[in-house]
Amino acid sequence: MTRVISAPLRCRISATAPEEKDDRFARHEVVASALAGRSIRVAGCDGAAYTDGHTIFVSGSRVRTQVIVHGLLIGHGSLVAEALTGLKGSPAHASRYLLLEANRLCAPGGVWARLRDTIGVPPNVPVCDSTRQAVDLAVAGDRLPPTPTEWGVIRPGLLLRAIEDGLVLDAGGSAARRTSVEEGEVLDPGDGSENLDAILRALSLGPLTGLGLGRMLRKRLGLRRRATKSPSGGMSAGEQIVGGWSGQIARRVGGSGLEVSLRGRGGAAVAPESGRFRYAEWDRVSGSYRPRWCTVAEVPSESLNRPLDEPTMSGRDLVMRRRLAKAGLKSQTLLRQAIGDDLDLDAVIRNQIDAASGASPDEKVYAATRPRQRDLSCLVLLDISGSGRDPSPAGGSVFDRQREGALCVLDSLNAIGARTAAYAFRSAGRHSVQVSTIKGFNEAWSNSVPQRVHQLQPGGYTRLGAAIRHAARLLAAETATARKLLVVVSDGFPYDTGYEGEYAAADSRRALAEARHQSIGCVCIALASPAPDSSLVNVFGSAAYARVPDLSTLRAVVPRLFLHGLRTSDPRLRVSQRRDAALRVGQAARGGPW
Amino acid sequence: MKTEAAKWANAHLSGSPYYVANGSEETIFLAAATQGLPVMLKGPTGCGKTRFVEAMAHRLGRPLVTVACHDDLTAADLVGRHLLKGGETVWVDGPLTRAVREGAMCYLDEVVEARQDTTVVLHPLADHRRELYIERLGLSLRAADGFMLVVSYNPGYQSVLKDLKDSTRQRMVGIDLNYLPAAVEEQVIVHESGISLGMAQALVALATAIRRLDSDTVREVASTRTLVSAARLIAAGVAPRDAAVAAVAVPLSDEVSTVEGLSELIDVFVPMESAARSGRSAEHLSA
Ligand SMILES: Nc1ncnc2c1ncn2[C@@H]1O[C@H](COP(=O)(O)OP(=O)(O)O)[C@@H](O)[C@H]1O
Ligand SMILES: [Mg+2]
């Protein structure tokens with residue numbers, strides 16, 4: 001019985017895990033994040049509104065005002081350690097500072113000027129020209145109008161602790177984006193000091209790494225967090241000086257910022273030493289990445305293998321090849337077309353004979369070629385974790401069925417002319433995610449490919465996210481085709497030390513979403529997997545995926561599955577459209593032509 | 001037919017296209033044109049690349065041929081093909097060949113959308129040879145004097161960029177375009193739509209906020225083009241908030257929750273009524 005699961009459209013690629021969200025404030029999070037320049041949550045609280053640099057806690061009826069005020073302060077460097085230190089211990093000073101900064105940030109003539117009325121800035125508040133000046137004025141005795149109570153409060157102690165512990169990056173600036181850039185810069189072996197700084201900052205970003213580690217490292221290395229972030233390069237069009245600590249620049253990031261953050265997303269950090277790669281991991285609880293969290297090592301395939309003892313499979317599956325070819329993945333010359341690049345000589349002759357004999361000639365005299373496969377690269381990622389050792393209802397172990405399926409898919413893709421590669425992965429904790437080559441992109445098909453698949457020995461755990469990020473990196477780095485496809489063959493049970501349940505599912509989902517952001521189509525095949533549908537949806541998210549009991553069912557769903565996967569890799573499609581290109585073939589699979 | 005995508009622009013007949021420079025792009029472009037160098041424009045969608053090329057073609061007094069590239073575009077679509085007409089095979093020039101023969105400016109919009117086997121015909125055109133090889137005719141055409149190759153791409157796309165040969169890229173003069181500074185963008189919107197400056201300021205403030213969102217929420221940001229569209233809806237009598245939702249929020253995302261969030265953002269920045277003005281807007285209008 002074919003079971004192709006329709007992934008619902010609700011899988012949201014957002015900073016927060018959907019199941020954690022307080023829906024009442026969902027719409028305010030876009031406002032908070034836009035003003036803050038990074039992903040910010042909004043949640044309810046009792047008492048006065050405040051922020052910890054990560055979430056804006058709101059109360060009462062003026063939620064919009066509270067979100068604007070605190071979002072602006074987060075986004076424009078008002079909540080940096082230097083300022084907060086001067087305000088600590090005096091709620092009155094902090095409250096005056098809140099007023100002065102909000103007033104400064106939406107000063108008349110500035111880009112946020114129209115927010116003045118919305119939040120209700122009291123009249124006659126002096127306009128400071130920097131954060132420093134606002135602190136000075138806040139602690140001085142001058143008379144100021146009272147801060148509107150509905151704005152809430154600044155909690156310097158709370159924010160300072162969060163900064164010290166690395167829970168928040170200085171609670172200012174476009175921290176998230178900057179860090180992505182800096183993560184990229186870590187790769188540059190050129191300048192040591194910047195690197196160290198970037199590493200420290202990166203270290204302090206992850207909520208759990210933050211537990212004193214960042215602080216300890218900084219102390220040990222005798223480093224202080226820099227108050228200012230050096231803007232990389234000059235100002236480009238679209239930037240504005242908003243003024244901040246010592247006249248710092250708050251960036252208004254234009255469209256080009258996207259590229260940068262794409263690069264940083266998932267933190268594909270290139271090998272510090274050969275064959276080892278660091279990747280970030282998504283922490284759904286904090287809604288942020290743990291930078292450079294996992295180490296993926298490329299290991300020789302022999303190390304994962306068992307001795308060759310049984311006859312090997314060939315992987316050749318003519319049925320699957322034919323079906324894939326039918327799915328339009330083959331180069332075709334279409335004859336007798338009304339439009340085409342070349343004349344179809346037979347059709348031309350027929351046309352002329354018809355014309356000469358008085359019959360009405362067929363005008364379809366062109367030949368059109370659509371060389372699709374030349375534009376496709378495909379990487380098959382095979383889960384060889386120990387969970388595959390469970391017996392499969394279809395005979396043998398789950399893993400036996402999976403490797404068989406993976407090999408058939410690989411062979412068929414290869415046969416239709418795609419550039420192919422296959423990798424096996426398993427893990428033993430975040431520092432040891434092992435990936436081994438079954439077939440490299442530059443390797444021609446040979447008998448050793450099926451042999452290697454056959455020799456694979458299941459064992460270890462499944463840090464699925466890191467493996468997917470590595471595979472996406474390989475696809476991006478080693479191929480230059482317009483279409484790229486990642487095929488994950490797994491039982492759909494991501495599990496490793498410190499990597500379980502919802503956390504692991506959210507990270508896997510996230511890693512697939514990252515791949516799709518890079519225009520890599522994703523297809524997930526849960527072959528002979530005992531995992532329930534609900535958990536597969538959770539792990540594979542909106543990627544095209546199918547749960548199939550055996551190889552023959554896989555053959556049946558492969559064309560449609562791949563077409564869906566490919567559609568999501570179409571470079572012309574925006575991610576916003578792609579997000580929803582979930583596989584919806586449930587009905588078709590039951591009544592479809594194959 | 002594919003060649004529908006190509007059109008002869010008659011900008012020189014209907015007055016100069018309105019373009020506000022954002023830096024030194026005009027100087028560089030005109031110098032490249034004088035020197036017969038091809039130009040590569042980079043920039044996000046809707047930041048004015050097409051408008052810029054139209055303005056430059058007009059300034060130089062050259063006809064403009066525009067081709068919107070896509071991944072089904074074949075070399076024949078650019079270069080030309082044989083057609084059968086009344087028992088005779090007739091060669092029909094593609095838009096690129098026409099531009100080469102007539103000394104026109106040929107603008108390949110979103111060139112990275114085209115496949116490598118298509119863009120390969122550009123290589124000998126992009127260097128000192130300035131030649132177009134027409135395989136089906138077995139013939140090499142030397143580009144006429146006024147011919148200029150201009151390509152654009154949006155670096156926000158994960159693209160076939162790697163397929164544009166490095167050697168070709170290096171023969172192109174690169175110009176980075178980006179969204180305009182707020183005050184200038186406001187002027188452009190006013191010019192393009194006729195709405196009040198105050199309303200244009202509201203739209204630009206909204207775009208400024210959206211451009212600060214990280215790419216997980218919206219991949220693309222609000223472009224000048226979407227702001228101009230919103231402004232034109234407002235000019236046509238649509239309530240500003242509805243216009244912004246329709247032209248800015250809805251196109252940016254299909255996620256219901258994201259669109260709702262963007263609508264909230266619109267409520268924060270865009271007045272309900274055309275008449276409503278606040279803060280800075282009133283000030284600037286009286287000035
Ligand atoms: N610098 C500019 N000067 C004048 N109008 C501009 C400018 N930038 C953007 N626009 C407006 O934005 C619209 C979209 O620009 P367009 O050239 O189509 O963008 P692109 O080709 O980069 O996608 C134009 O029609 C015009 O109204
Ligand atoms: Mg497992």
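Author: Start with one side chain. The side chain of Arg403(A) reaches the backbone oxygen of Val453(A) at 3.2 Å. That is a polar contact: a pair of N or O atoms within 3.5 Å; within protein, one must be able to donate a hydrogen and the other to accept it, and residues adjacent in sequence count only if both atoms are side-chain atoms. This is a predicted model, in which local features need pLDDT of at least 70 and side-chain atom pairs count only at pLDDT 80 or more, while totals for chains, interfaces and linings use all residues. Residues are numbered from 1 along each chain as its sequence is written, chains are lettered from A and ligands numbered from 1 in the order in which they are written, and side-chain values use heavy atoms, with hydrogens and water left out.

Reader: Which other backbone oxygen lies 3.0 Å from a polar atom of the side chain of Arg403(A)?

Author: That of His454(A). Now place the arginine. Arg403(A) sits in helix α14 of chain A, residues 398-415. Helices (H or I, at least four residues) and strands (E, at least two) are DSSP runs, numbered from the N terminus.

Reader: Is Arg403(A) buried or exposed?

Author: Buried means under 20% relative accessible area, exposed over 50%, partly exposed in between (1.4 Å probe, protein chains only). Arg403(A) has 4% relative accessibility, so it counts as buried. Leu413(A) is also found in helix α14 of chain A. Its relative accessibility is 0%, so Leu413(A) is buried.

Reader: What about Glu164(A) and Ala81(A)?

Author: In sequence they are 83 residues apart, and C-alpha to C-alpha they are 8.6 Å apart in space. Glu164(A) is in helix α7 of chain A, residues 156-164. Its relative accessible area is 34%, so Glu164(A) is partly exposed.

Reader: Next, backbone angles. What is phi of Asn124(A) near?

Author: It is near 65°, a positive value in a residue other than glycine. Asn124(A) lies in the loop between α5 (115-119) and α6 (131-139) of chain A. Its relative accessibility is 71%, so Asn124(A) counts as exposed. Arg292(A) also has a positive phi, near 50°. Its place is in strand β5 of chain A, residues 288-299. At 18% relative accessibility, Arg292(A) counts as buried.

Reader: Which residues are the protein donors of the magnesium ion (ligand 2)?

Author: Donors are N, O and S atoms within 2.8 Å of the metal (3.2 Å for Na, K and Ca); water is not among the atoms, so sites may look incomplete. Here they are Ser385(A) (OG), Ser387(A) (OG) and Thr462(A) (OG1), lying 2.1 to 2.2 Å from the ion. Their spacing in sequence is S-x1-S-x74-T. Ser385(A) is buried at 1% relative accessibility, whereas Ser387(A) is partly exposed at 26%.

Reader: How many residues surround ligand 1?

Author: There are 17, and the closest are Gly46(B), Thr50(B), Arg51(B), Glu192(B) and Arg225(B). A residue is near a molecule if one of its heavy atoms lies within 4 Å of it. By class, the shell has eight nonpolar, five polar and four charged residues. Ala, Val, Leu, Ile, Met, Phe, Trp, Tyr, Cys and Pro count as nonpolar, Asp, Glu, Lys and Arg as charged, and the others, Gly among them, as polar.

Reader: Where does ligand 1 lie, relative to the domains of chain B?

Author: Domain 1 (4-176) and domain 2 (182-286) of chain B both give residues to its shell, so ligand 1 lies between them. Those bounds come from an automatic or database domain assignment. Helices α2 (49-60), α8 (182-193) and α10 (224-235) of chain B each supply at least two residues of the shell.

Reader: Which backbone atoms lie by an oxygen atom of ligand 1?

Author: A backbone N or O atom of Gly46(B) lies 2.7 Å from an oxygen atom of the ligand. For Arg51(B), a backbone N or O atom is 2.8 Å from a ligand oxygen. A polar backbone atom of Cys47(B) is 3.2 Å from one. Taken alone, ligand 1 exposes 560 Å², and the protein buries 91% of that. Accessible areas come from the Shrake-Rupley method with a 1.4 Å probe; for residues, only the protein chains shown count as cover.
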